[in-house]
Amino acid sequence: MTPELMEAGARLRTKHAERSNAPAGNSGGRETSYGRVVQPGVVDVAHGAILYLDDISVSFDGFKALNALSLSISAGELRCIIGPNGAGKTTLMDVITGKTRPDAGRAYFGSTIDLLRLRENQIAQIGIGRKFQKPTVFEHLSVFQNLELALKADRGVRASMRFRLSGAQLDRIAAMLQLIHLTDSAQRGAGGLSHGQKQWLEIGMLLMQDPKLLLLDEPVAGMTDEETERTAELFLSLEGSHSLVIVEHDMKFIGALTQGKAHRRVTVLHEGSVLAEGSLAQVQANQQVVEVYLGR
C-alpha cells in the first residue's frame, strides 16, 4: 500500500475506534509501494511487452545481486519466476518498483515509460502493484472497509469524511469479495482472518486499485492446500486482464498455474541472471536448472 493509503487507513481506523469507544490499534502495516492508480495513464503495449528489462545490474558492497539480467513480460501474461535463495528475485522486484536503482541497464513499462526516471510512488501510480510475502492489511477494520479504503482515490481528511459509496462501487466491492472468496466474511475484522484469507484480502485491495502489472512474492507461503488451490484459481482468472509476475518456491503451485499450458513460461534465476526460460517441463528438464535448483 502507498504511504497515503496507510495514512488514510489510520484515520479511518481511529474514527471507527472512537465510534465504538475503543482505542485505535496498530494495523501492523508497513509503508510499501503497492500499486494504486490515481490517474490511470495509457501504457503502450503495441509491441506486446508490458515490462522490458535490459542488462540490469545491481551490486551491494561488491556482491552482484543482479548481473546483466534481461527479461520481457507480455501484456496479459502470467509469468512464474523461480530460483534458489540469493538468485536475485527480490532485487528484481525492487528494481521494477523503484525501491532499488540499478547500476546499469534499462527498465521500461510498456514501450515508452522509463521506470528508472520515476520514484516509487510514481511507479505505483502508473499501475504496478506489488505484494510482499507477509500480508499487510488494516487488521482493526472489517474486510469490507479494507476494500472500501483501497477503492477511494481522494485521501484528504474532508473528502474521506464526506465519501459515500455509489451503487457501482458497492457492486464492485461485492464482486471483489466473491472473487477473493470472502463474501461471508465481509463484516468480519481483518485481524480475525486466517493467514490465507489475509493474503486474499490484500490481493483484493491491490485489484481494487486497477494495477496493470502485479508482482506477487511467494503468495501461497503458509497457506493450506485448499487455500493454495483457490489462489491458483484466482490467479488463472486474472490472466489476460492483468499481467502477473509470481515469485514462488512451491513447485506444486507452479505446476497448478502452468499445467497443460505451454505458453505459460517459467523463468529461472541464478546468481542474478536468467539461467533458463520456457515451459515448466522445459526448465525441469534443463540439466543446469536441476543442478543449481531443482536437484538440491
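Strand S1 (residues 49-60) and strand S4 (residues 104-109) run antiparallel, joined by five bridges. Strands here are DSSP E runs of at least two residues, and helices are H or I runs of at least four, numbered from the N terminus. Two strands pair if DSSP finds at least two bridges between them. Asp54 has Arg106 of S4 as its bridge partner.

This is a predicted model: local features need pLDDT of at least 70, side-chain atom pairs count only at pLDDT 80 or more, and totals for chains, interfaces and linings use all residues. Residues are numbered from 1 along each chain as its sequence is written, and side-chain values use heavy atoms, leaving out hydrogens and water.

S1 and S4 belong to an open sheet of four strands, ordered S2-S1-S4-S5 with antiparallel pairing. Its edge strands, S2 (63-74) and S5 (113-114), each pair on one side only.

A hairpin is made by S9 and S10, with two residues between the strands. Glu271 there takes a positive phi near 50 degrees. Val266 stands opposite Gly278 in S10.

The two pairings with bridge counts:

| Strands | Residues | Bridges |
|---|---|---|
| S1 and S4 | 49-60 and 104-109 | five bridges, antiparallel |
| S9 and S10 | 266-270 and 273-278 | five bridges, antiparallel |

The whole structure holds one aromatic pair (ring centres within 6.5 Å; planes under 30 degrees apart are stacked, over 60 edge-to-face, the rest tilted). The ring centres of Phe235 and Phe253 lie 6.2 Å apart with planes at 70 degrees, so the pair is edge-to-face. Phe235 sits in helix H8 (residues 225-238) and Phe253 in helix H9 (residues 251-258), 18 residues apart.

Conventions:
Rings of Phe, Tyr and Trp (its six-membered ring) pair if their centres lie within 6.5 Å; planes under 30 degrees apart count as stacked, over 60 as edge-to-face and the rest as tilted.
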